[in-house]
Amino acid sequence: MKYDQFITKVAGRADVSFGTAEALTAATLQALAERISGGEAAQLAKYIPEELKPHLTGAEEPAQRFGSEEFVRRVAERAGTGPERAEAGIRAVFATLREETPREELEDVLTQLPKEYARLVGAKP
C-alpha cells in the first residue's frame, strides 16, 4: 500500500482530515515503537509505506512499560489532539495495519502489549 492510501484509510476510519490522519499515524507508530522491542518494531516497519518507517525506528531499548492511558496521552500530545480523537486515530491505524501486515507479524507485536490495550488495537493482546 502506498503512503497516501494508508493515510486515506486512517482518515476515513477515524473521521478526520488527511493532515490530522498523518499526525495521528506518526504519533501512534512512535508510541508503539517506544512500547515494543526494537526488533519487533523493525519487523513491523517492513510492511508499512516507506515514509512511515522512520516513526518505528530509533526508540530506546528495552521497550518502555506504560499502560494504554499513557499510550493515548502520548499520541494525543504528539498529534495535537484530544484523547478521544487520539483513541479513534490509534484504532484506525491498527485497523489499517491489520490489512497490510501478515497476521502472524501483527500478533507478534500485540503479544508485547498488555490486555488493557485491546480497546485500542481491536484485538486481544
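**View A. Surroundings of Phe 71 in the predicted model.** Phe 71 is in contact (heavy atoms within 4.5 Å) with Thr 28, Ala 31, Leu 32, Phe 66, Ile 90, Tyr 117 and Leu 120, residues up to four places away in sequence being left out. This is a predicted model, in which local features need pLDDT of at least 70 and side-chain atom pairs count only at pLDDT 80 or more, while totals for chains, interfaces and linings use all residues. Residues are numbered from 1 along each chain as its sequence is written, and side-chain values use heavy atoms, without hydrogens and water.

**View B. The largest nonpolar core.** This core (buried Ala, Val, Leu, Ile, Met, Phe, Trp, Tyr and Cys residues joined through side-chain atoms within 4.5 Å; buried means under 20% relative accessible area, exposed over 50%, partly exposed in between, with a 1.4 Å probe and protein chains only) has 40 residues. Leu 32, Leu 56, Phe 71, Val 75 and Leu 97 have the most contacts inside it. At least two core residues come from each of α1 (3–14), α2 (18–35), α3 (38–45), α4 (68–79), α5 (83–100), α6 (103–110) and α7 (118–121); helices are DSSP runs (H or I, at least four residues) numbered from the N terminus. The most is given by α2, with seven residues.

**View C. The buried side of α3.** Glu 40, Ala 41, Leu 44 and Ala 45 are buried in α3. They lie on the same side of α3 because they cover an arc of only 145 degrees around the axis, taken from the directions from the helix axis to the C-beta atoms. The buried residues of α3 pack against α2, α5 and α6.

**View D. Backbone at Asp 15.** Asp 15, which is not a glycine, has a positive phi of about 55 degrees. Asp 15 is placed in the loop between α1 and α2 and is exposed, with a relative accessible area of 67%.
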